[in-house]
Structures are given as structure tokens and as C-alpha cells.
Amino acid sequence: MSRAGIVRALIFFGLLTALPFAVTEHWIVNLGVFTLIYAGLASAWNLVGGLAGYPSLGHAAFFGAGAYAEAIYFQHRDVGANGLLPFFALPVIGAGVAVLGLAVGWIAMRTRSDVFAIVTITLLFVAQTLAFNLNSLTGGSQGIGLPGAPFDVDSYERPFYLVLVLLLAVSMGITWAALHSGAGLSLQAVAADEERARGIGVHVTGVKLLAFAVSVGIAGMIGAVWAYYVTFIYPQFAVDPLITIGMVLMAYLGGRGTLWGPVLGAFILVPAQQYLAYQYGATQLYLIAYAAVFLLIMLLLPRGILPSVGHLTQRRRVVMGRASAEPDQDAATTGVGADGGVMVR
Amino acid sequence: MHTVIQALILGVLTGGVYALMASGQTIIFGVMKVVNLAQGALVIAGAYLSYSLFTSFGLDPFLSILITTPALFGVGAGLQWLFLRPLREEDRAELSLLVTFAVALGIEGVLSVTYKTTYRTIQAGYADRSFSVGGYQISAVRLYAFLLSAALLGLLYLVLERTKFGRAIRATVQNPESARLLGVNARVVAAAGFGIGAATAAAAGSVYGLLYSFNSGSHYDLISRLLSIVVLGGLGSIGSSIVGALVMGVVAALVAALGPPIWSDFSFFIVLLAVLLLRPRGLFGASLRGAL
Amino acid sequence: MTTLLEVERLTKRFGGVTAVDDCSFAVEQGTITGLIGPNGSGKTTVFNLITGYLRADSGRILFAGRPLTRSDQAALYRAGLSRTFQQARIFPRLCALDNLIVAAGHSWRSLFARRRGRDDSDRARALLAEFGLAAHAEHPAGELSYGQRKLLEFASVLMSEPKLVLLDEPTAGVNPTLVETMERHIRRRHAAGFSFLIVEHDMNLVMRLCDPVIVLDRGTRIAAGPPDAVRADPAVLDAYLGQ
């Protein structure tokens, strides 16, 4: 990993981790929590939707699965003296959701990417219906509660925040590893021309499933943290299409298929969304806002911010007469190429 | 046995309505190779329009179709023109899915702001009437709905087979390159194709509003069913989507009659699963496997 | 001489059309075999059948003595059979170097290994240099010209050191200088031990380069042998002139 990349990551995570210690206003740290939730989700979604080119429109179902798993397990159990037990449950939940993802992916990914999108939407709807109807398990529309965390009231959000920083780091770490390994190359080949990828020996099904399972596993873990954070979950919020839409939009805004794109998208949109909610209140309005932003991005900036910026700087270099054979050093380490494809040193 | 046949009748009647909605989807896919994720939202929009016309002017939903269909035709063509046409060729396959999804959300947003989220339904006077044929009950509304769908599908067939415009559409579906060379204006066909798809949604919306209660969020359920139908039929021709719709309708009705009602809601998903596992190409269509 | 590929009584129908009709031929190791025939003779269909893009209605195909049962293209590739496409399919968003590396062969271990392993990287760079594409190593392949893409595609299928390379019209739509370049590369590889099966329309190229030459007409084989014999075969002349 290039020095610039390491420095960038260190600064980013350093600042992130410092925030809840430096700032005490609850609403800021709370905003941070939700930004991190979406950054992690967008980054995880990116593995399947960005790298592999399979736009999953049902990731919220796995987020909800993780949330319900955590809620159901801890509903009547002790969260431990220091309240950390639900966090220790995360790897188990992640693994469980990943296995579920393997099963679902194996069926859903037998088709082309647009039919895959269809299947995932349907999956989301089915998951929501299940959440509403399996009363004995999920409490149905009454929801499920977890014990509140015994954290210090003044810094209540901090532990959640820090765990989410960790999950984001995991997600980005996996993305980075994918981009720099044979797996990422295989995934990008699959995204570009799946049939040909198969023809040159790529383990197409294998990498697709791997990406899908890891992606939903991370989403599940984030869902579990969210459940513990809000302490009471309802099916329409745990398995909410808006969650999927949010993470997809953020990945697209920042630049899907890149390392930092989804994170950038989240850091732009979540505060914006919270601001709009604060100013205007109604959920319905920001459904329209989401749709509008989505459409604007598709039409004006289809590659997303990072790749488009990378493209511009690339162009400027050529125009200024610099050697065009050397891609932008920074761009390379963030995994951004001339037209949004990933070029890696 | 009686229950089974009763369920079959119900299934066919419901299937007919879904067939109308699915046909619009198939046309859009055929002409633009785009899976229109906003089809469900367009149906709901049609339902709301009919609802408004009914509650404000007492206009019967079957009649309001004369108004809503051209209205949504325009909306559909406009949506295509504004949001799909500008997509670059190489991006189209990947982005069109999300663009139509965004359109669906936008429609849902607009509807929920306009009508709030309370469930609505069109309570026509004849809503409770039913006919008794040979010992079997046939709800009047469902029968009229089915007849309307059949009539509109027939009309659609005539337009596609007998008019110059229809020929242009079919040519574009089969071979866009050749069609263009033969003078077919691809842009107009694309917009019109989408318009027709939206128009069928409007008509189906009137009926939907009569049969079910709905709100702005109902389009998820609807689009999931429509997509399952289209996958079952094979993304191929209108005929195959009609068959898919009828099969799906019958299966759902049978499951509702013979098992717990909740499974009926899932039946379309189970069918989808079965199709994907056993025959990804659907009943009639080309194989869905692989990138092409 | 061992038989690398054997096609036995292959048949493929599309609706009412029988594209490949009881077709049989063999490809020997160490040869550059040409596969020619007038339009519609089924050449590309046979290619697609051999490489698993289509499934035959009847007949069988043996590669290196073993019958190909399932149409598993990935397994075929790993067994040493690779092909190019008429339209020069490469991965446009990957850079040229990555296009080669991704074709180098995949094991489960390679998934988790470095994206650009030392060996693969070196070989890829050497190939790029050989094909005159070294300057484009880090550029997206989509920026290459058609001719350059054909070269890149050809180079990429060599990465896995296949036993048999199927070339689908390697010189279609390509300028004469590039035709020469292609021919040179094919000969060089042939000398290094690769075998080729080439579908071509360029008669001069085929007659110069290939031995034996197999002729298809209407889905079945009508002649096979050294280029001179085939050129003089009345059945072949008939097939072409009758078009």
C-alpha cells in the first residue's frame, strides 16, 4: 500500500476515533453514529454492487436479519456488567448472516444482474412480511426490545460509535484487500463481461458468492449494532427499503467500485438527510429528495464523484503535457482510474 | 373439489388483471431492454387518479380509464424522454434499473405527499355484487375487471399486429438495428413504448383500486409480483407474460384456498424461487443465465 | 501425432435451421488447422459448441482424449482450450496489463494472492512488449483501437499456456499490416509448441498458414487435407461458387 494511502487512512480513522472524545454534544455523536452506519453499509454494498456489478436492492433484508438476531437473542438476556456482550455477539451474527447470504446468493445469482436486482427486491419485501408475521419470533408489528446499555449517560453513544468505526475499518479493509488481490480482479472481470470471464477460467460463481456473503455479513453486523443502539426495533424500520436506497445512493454518489467512494457518499448524504429531516420533518418529502438526487447523479455524474474527479485530473495532466502513462498517484492508491475503473499500483 | 374450482376461477380472474399490468412491463422491456421497476408505482398512480376522479366527480373507475390512460401515457413517455433517453449507451443496461427504481420512489413520494399514507380503496356501488354460476360465486367486480383486461389486451394485440405504429414497435423489439435502417424512429418508438406500458398501468390501476386497498407504499408488493410473473413467463413475449400471470394468479388463489392465507402472499415468491432453481429461462423465454 | 480435439457427429439445430449437421473432424497436436467454408456453413456455431457456449443436440466432442460433457467453459479453459472472439472481447475498464493477468489462470489460492503476482506480471509485461502494447499497459483497454484489441485478446489467451487455441476470424476488419503481424505471432507461437484451430475468410492467409484445412458446408464437413488438395477439390469449389 502506498505511503499516501496509509497516511490518508490513518488520518481519517484517527480523526474519526477522536471525535467522540473531543466533542460532547449528543446530537453530533449521534449524527456520527448514523453516518458510520451508512458508510459501513455503503462500503459493504459496494463489494457486490460496485465491484461485482450486481446491484443488490435487498441488502436491507440482511441488515434487518442482523438486527433481529441481536434483538431476539438479547431480549431476555443480560448484556453483561459492562454492556459489551452484544458487541461480542457481532462476529457470530456476521457469520450467520453470511451463511444465509450464501444460500440466498446461490439462488439469486444464477441469473443476470438485472434479474438479480428483481430477486433482491422481492427478497426485501418477503423479509419485511416475515418480520411482520412471525409474531412468536419477531414480535410482529409490536416490535422487539433489547435491554438498554448500561453505558455512562454523558458518553452513551461512544461505545456504539467506536464499534461502528471498527466495522467501517473492517469493511474498507476487506474492500482494499479485494481490490489488491486476485479476487478483486476476478470480480471486476465478472462485472465487465461475465460470460467471457467464465471463458477465461474465472471462478465466476465462487467469487460472486464470496462477495455477496461477505457483503451481507457486514450489513448484518451493522444491523445488530443499530438494534442495540435504538433498543427497540420495529419491522418497518429494521427492514426498510429506505435503508437499501440510502446505501445504494451513497455508493453511487461517491463512486461505486472504488475504495473511498461509498464512504464519501455517506459522509455527504447522511448529514444532509438529517438536516432535511430536521428542517422539513416529513419522511415522504425526503423520499422525493432521494429520488431526485438519484436521478441527478445517474444523469449528470454516472460514475460518481471520485472517478469523475479522477478523470478530470487525468485529463488536465494530459493537457498540461505530463506523461499520460503514469496514472495519478493518489488516484491509484484510492483505486480510481481514468474512467472510474480501478487501476492499481 | 368445489373449493379448488372456486379458487381456479378466482385465480384466472385475478391473473387476467395481472396480465394487463405485466404486458406493459413486457413491452417496455422488449422495446428498450429495460426492466421497468416503476411499473408498480405507475399502477398505484393510476389507482389514485381513478380514486380522485371517483370521490370528486363520482366517475366510475371503468369510465375514468378514458382519462387516466392518455394521462399516464404522456407521463410514461415523458419519463422515458427525461430520464432514460439521456443515458449513454454503455451505461444504459446498468443504470436503467436504478433510474426506474428512483422514478418509482419519486412517484411514491409524490403520491404520499398528495394523499398521505392512509389506505384507500374505490368503493363502487356494485362492489359487493356477485353472480352465481353453477354453484360457484363470481364477484362482479372481478369479472368486469377481467373482461376489461381481456378487452384491453385484445386492443393491444390489434395495435401491435395491425397498425403501422405497432409494426414499428415489433420491428424494434426484434431487431433495433434493422428497424432503424428501415426508417423506424427509434426515439419515438422508445418513448411510445414506455407510454403504452404506463397506459396499461393506468387501466390496471383503476381495477386495482376497485379490488384492493392501497397506499403509496403498495408498489413494492405489486412490483415484486409483476417481476415474478415476468420472470416466470420468460421476459419474452406478451403471450408468455399472460400465461405467467394466469399461472401465478391460479397458484396464489389455490394456496389461499387450501392453506394459511399468509402463504398466499408468498406464493409468488415461491414460484419465483422454483423458476430460478429449476428453469431460469422461465416457461418460454431465452435463458436468463450469463451476462447476455 | 496425438489428436488434441475430436468432433464426432455434432449436430445443432436452431428452431427449423440445422446449423451443424452430423459434423466430424479432428485437430492434431502441433498443427495450425484452418476451418473454412462459405457463409452459413456453421463454422462459428461449431466453435461455440466446442468451447461450451452452446450445447449440442447430439454428437460428442473429445479434448485431449476426454469427452466434454458439461458446457463448463471455465473448466475447458483450465484444461488448455482457449478461444478468441470475432469482435475482440476484452475487458474495457481494466487496463491492458490486468486484461492479461486476469487470463493467466485461476486457482482458489490465486483469489487471495496479490492481484499482480510477480510471475504473472512479468509474463504479461513480456507479452505486451512482444505485441507492441507496452505503452498501454496501465491504460484502460477500452481506449485501444480495434486492431490493438485483437492483439490484446490474442495475447491474453496465451497467458494460460493453452494446448489448443481457437481463433475466431483473427483478421476480420483488420488492416493488411496487422494481418501480417497476426500471422507472424501465430507462426511464432506455433514454433513454440502451441496448436491452433482458425476460422477464417481470408483465403490467402489460410492457404499460407494452415495445414490441414477443413472445409464445412451447410453444417457438415466436405473436405479436409493439405491446402493444395483442398484448393483443387471440386466439392469445395462447388460449395463456394454455388453461393
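Between chain C and chain A of this predicted model, the count is 2 salt bridges, a salt bridge being a side-chain nitrogen of Lys or Arg within 4 Å of a carboxyl oxygen of Asp or Glu. In a salt bridge at 3.2 Å, N to O, the side chain of Glu195(A) meets that of Arg89(C). The elements that give two or more residues to the side of chain C that touches chain A are helix H2 (73-79), helix H3 (96-101), helix H4 (108-112) and helix H6 (146-158) of chain C, where helices (H or I, at least four residues) and strands (E, at least two) are DSSP runs numbered from the N terminus. The residues on this side of chain C comprise 16 nonpolar, 7 polar and 10 charged; Ala, Val, Leu, Ile, Met, Phe, Trp, Tyr, Cys and Pro count as nonpolar, Asp, Glu, Lys and Arg as charged, and the others, Gly among them, as polar.

Residues are numbered from 1 along each chain as its sequence is written, while chains are lettered from A and ligands numbered from 1 in the order in which they are written. Local features need pLDDT of at least 70, side-chain atom pairs count only at pLDDT 80 or more, and totals for chains, interfaces and linings use all residues, with side-chain values resting on heavy atoms and leaving out hydrogens and water.

In terms of contact, meaning heavy atoms within 4.5 Å, 33 residues of chain C meet 34 residues of chain A. The two chains bury about 3,000 Å² between them, with 59% of it on carbon and sulfur atoms; buried area is the accessible area (1.4 Å probe) that two parts lose on being put together, summed over both.

For chain A and chain B, 40 residues of chain A are in contact with 46 residues of chain B, and the area buried between them is about 4,000 Å², of which carbon and sulfur atoms give 79%. The count of salt bridges between chain A and chain B is 0. Helices H5 (90-108), H6 (113-133), H10 (194-199), H13 (241-254) and H15 (283-300) of chain A are the elements that give two or more residues to the side of chain A that touches chain B, and the largest share of that side, 14 residues, comes from H6(A). By class, this side of chain A has 26 nonpolar, 6 polar and 8 charged residues.

The largest nonpolar core has 253 residues, and those with the most contacts inside it are Leu168(A), Met21(B), Leu37(B), Leu152(C), Phe154(C) and Phe196(C); such a core is a set of buried Ala, Val, Leu, Ile, Met, Phe, Trp, Tyr and Cys residues joined through side-chain atoms within 4.5 Å. Helix H11 (residues 204-230) of chain A provides the largest share of this core, 16 residues. A second, separate core of 24 residues includes Ala19(C), Phe47(C), Ile61(C) and Leu197(C).

Backbone features were also examined in chain C. Phi of Glu161(C) is near 50°, a positive value in a residue other than glycine, and Glu161(C) counts as exposed because its relative accessibility is 55%, given that buried means under 20% relative accessible area, exposed over 50% and partly exposed in between (1.4 Å probe, protein chains only). Glu169(C) likewise has a positive phi near 50°, but Glu169(C) is buried, with a relative accessible area of 9%. A cis peptide bond, with omega about 10°, joins Asp211(C) and Pro212(C), and Pro212(C) lies in the loop between helix H8 (203-209) and strand S9 (213-217) of chain C.
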